[in-house]
Amino acid sequence: MPTLDLPAPDPARLAEAREAIAAARRVVVLTGAGMSAESGIATFRDALTGLWSRFNPEELASVEGFCAAPERVWDWYAERREGVRRAQPNAGHEALAAWARAHPGCMCVVTQNVDDLHQRAGQPDVVRLHGDILAVQWLDESACRKRPRCDPAQAAEASPGRPPRCAHCGNLARPGVVWFGEALPTDALDRAQRLADECEVMLVVGTSGAVWPAAGLAGRARRGGARVVIVNPDESEIDGQAHLVLRGTAARVLPRLLGAAVGV
Ligand code: OAD
């Protein structure tokens, strides 16, 4: 995890970002794994603690990896699911949700995160680009010929297997997340792109900007005329798209940025 004892972000930049947000009617918040880091959920690419510094994404986050070792992949996600269930929203999630509730209809969160911490903080409008780790789906969505179709969540509860297998068609259940090489859910991506085109401020929190198409949303918002503000303790690949970069962590910066108090 990056250093948490960074100084508070530059007050002038913070004030400028606060003004831009206060003047906006449409704010989009693009979040990545850093958003949940202070809730104890590991990021992917941080040098020492990131999941992809310890595990191979080709083995654990691709259809090929799952087919090669379904039990191993299922168990890895089961452990991560437990971590998500134990985690609590942090002050950053709470600050976003409080601002959204105080400004109905003005904020949408577009998240790459597969946890449910924005939802548990009470965030009213969340677009999930990379799926939901607590959900399950069939490996082969078209394999089941039974009508109504077998429900993978029910099968996962009923079947002792790892991963569970459909009693009717033999289909394997898999985690409900987007893996490398897979398309993002069309509805979610379309909406995220529309929101990016139309927003007046895009706040980008805790993403390395390494994974597309999510990483392209900041540039898209900027081209559409939005102010782009990044919150991240470290450099990201999309810093060049930002009008303002606030160096700090989500749980420390967002309450200062979105809270009622001025001059913090
Ligand atoms: P990464 O792990 O690539 O990047 C995490 C970012 O969060 C880095 O830029 C860190 O500097 C920053 N960060 C760390 N701690 C933070 C904190 N407390 N507050 C704010 N920022 C912090 O994660 P993502 O950009 O989300 O894909 O990765 C994108 C996708 O790659 C993920 O959605 C995942 C992964 O493979 C899927 O699950 C499909």
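Tutor: Glu82 has a relative accessibility of 37%, and therefore counts as partly exposed (buried is under 20% relative accessible area, exposed is over 50%, and partly exposed lies in between, with a 1.4 Å probe and protein chains only). This is a predicted model, in which local features need pLDDT of at least 70 and side-chain atom pairs count only at pLDDT 80 or more, while totals for chains, interfaces and linings use all residues. Residues are numbered from 1 along each chain as its sequence is written, and side-chain values use heavy atoms, with hydrogens and water left out.

The partner of Glu82 is Arg85, and the closest N and O atoms of this salt bridge are 2.9 Å apart (a salt bridge is a side-chain nitrogen of Lys or Arg within 4 Å of a carboxyl oxygen of Asp or Glu). Arg85 is also partly exposed, because its relative accessible area is 46%. Both residues belong to helix H5, where they stand 3 residues apart, about one turn of the helix (helices, H or I with at least four residues, and strands, E with at least two, are DSSP runs numbered from the N terminus).

In total, the structure holds 13 salt bridges. Another of them joins Asp75 to Arg162, with 2.6 Å between the closest N and O atoms. This pair links distant parts of the chain: Asp75 is in helix H5 (residues 70-86), whereas Arg162 is in the loop between helix H8 (152-158) and strand E5 (173-177), 87 residues apart. Asp75 is partly exposed at 29% relative accessibility, and Arg162 is partly exposed at 41%.

Helix H9 takes part as well. Asp197 and Arg220 meet through their side chains in a salt bridge of 2.9 Å, N to O. Arg220 sits in helix H10 (residues 216-223) and Asp197 in helix H9, so their contact ties together parts that are 23 residues apart in sequence. The relative accessible area is 28% for Arg220, which is partly exposed, and 35% for Asp197, which is partly exposed too. Elsewhere, a network of salt bridges links Arg25, Arg26 and Glu200.

The cysteines may be considered next. Searching the whole structure gives 0 disulfides (a disulfide is a pair of cysteine sulfur atoms within 2.5 Å). For Cys106, the closest cysteine sulfur is that of Cys108, at 12 Å, which is too far for a bond. Cys106 is buried, with a relative accessible area of 18%. Cys108 is likewise in no disulfide, since the nearest cysteine sulfur, that of Cys199, is 10.0 Å away. Cys108 counts as buried, at 4% relative accessibility.
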